[in-house]
Amino acid sequence: MTATHHHPIVPRSQWLAARQALLAREKELSRQQDQLAAERRALPWVRVDKPYTFDTTAGPRTLAQLFDGRRQLLVQHFMFGPGWEQGCPSCSYMADHIDGMNIHLANRDITLVVVSRAPLDQIERFRQRMGWRFQWVSSLGSDFNHDYGVSFTTEQVARGEVPYNYTVQRFPAEEAPGISVFHKEPGEVSEVFHTYSTYGRGVEVMMGTYPLIDLTPVGRNEPNPEYTMDWVRHHDRYEGAAPFQPAPSPLVAPAQASGATAGGCCHAKA
């Protein structure tokens with residue numbers, strides 16, 4: 001038996017035995033994930049009593065109106081604050097997966113909306129640059145981001161006492177990533193309920209590229225333990241990347257450029 005790239009080279013029969021042993025563990029993990037999903041669905045709900053209003057390309061909309069006639073609403077909390085030149089690269093990595101998923105989510109009675117505190121014109125400028133077509137709304141002027149644990153005050157960040165991911169911890173920015181889930185029955189006056197939120201590595205559920213990377217021999221190969229995703233770039237910033245066809249926007253002309261100052265990101269730099 002010889003080694004290539006530090007991996008043993010074995011006969012097919014020996015590889016098959018090792019693969020079958022790993023398959024047993026993979027099936028065990030799948031069953032555990034199914035059980036966790038069932039426990040997640042069984043969580044109690046919280047009624048959303050506070051009125052939130054979002055700025056959208058179709059005008060102001062309430063949280064209930066963001067459901068777009070469906071019973072379930074998924075919200076990506078996208079790190080993009082007022083005055084930032086561009087959105088967080090890691091949140092952009094998440095968002096790159098949305099447009100292909102949306103038709104399938106809609107078929108399962110789910111609407112997915114991206115929410116940031118940046119003003120809508122700033123959002124639309126960046127969305128156009130990235131070629132995205134999903135709905136992205138601004139929560140600027142509301143408590144939505146703070147109430148759902150993804151925006152913090154300057155004082156909280158300076159003290160190292162940021163309430164994120166169900167604990168108080170140090171955090172390098174005033175914006176953080178997350179995913180929240182809401183439910184309402186059809187009808188204009190139906191109540192809205194908060195059913196689930198996940199943060200930190202929980203947001204990897206939107207990063208469909210990662211499971212494919214995890215199948216390969218090299219894997220993620222992320223050497224920076226402090227910011228594991230510092231390799232991620234906006235998809236138009238990778239070397240040799242082809243420019244995306246700009247998405248149409250009712251707010252921003254294609255030639256308009258951003259004059260905002262650069263923002264920060266807790267995971268990676270532009």
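**Close-ups of a predicted model**

**View 1. Ser-116 is buried, with a relative accessible area of 0%.** Buried here means under 20% relative accessible area, while over 50% counts as exposed and anything in between as partly exposed (1.4 Å probe, protein chains only). This is a predicted model, where local features need pLDDT of at least 70 and side-chain atom pairs count only at pLDDT 80 or more, though totals for chains, interfaces and linings use all residues. Residues are numbered from 1 along each chain as its sequence is written, and side-chain values use heavy atoms, with hydrogens and water left out. Ser-116 sits in strand E7; helices (H or I, at least four residues) and strands (E, at least two) are DSSP runs, numbered from the N terminus. Its side chain reaches the backbone oxygen of Phe-78 at 2.9 Å. Setting aside neighbours within four places in sequence, Ser-116 also has contacts (heavy atoms within 4.5 Å) that include Phe-80, Ile-123, Trp-136 and Asn-145.

**View 2. The largest nonpolar core has 38 residues.** Such a core is a set of buried Ala, Val, Leu, Ile, Met, Phe, Trp, Tyr and Cys residues joined through side-chain atoms within 4.5 Å. Phe-78, Phe-80, Trp-132 and Trp-136 touch the most other members. H2 gives the largest share, with four residues. Another core, of 15 residues, lies apart from this one, and its members include Leu-63, Leu-66, Val-113 and Val-192.

**View 3. Helix H4 is mostly covered, with nine of its eleven residues buried.** Among those tucked away are Leu-120, Ile-123, Phe-126 and Met-130, along with Glu-124, Arg-125 and Arg-127. The buried residues of H4 pack against strand E4 (53-56), H2, E7 and strand E8 (136-138).

View 4. A disulfide is a pair of cysteine sulfur atoms within 2.5 Å, and a search of the whole structure finds zero of them.

**View 5. Over residues 254-264, pLDDT stays under 50.** pLDDT is the predictor's confidence in each residue, from 0 to 100. The model has 17 contacts beyond four places in sequence for this stretch. For the chain, the mean pLDDT is 89, and 87% of its residues reach 70 or more.

How values were computed. Polar contact = N/O pair within 3.5 Å; in protein donor to acceptor, adjacent residues only side chain to side chain.
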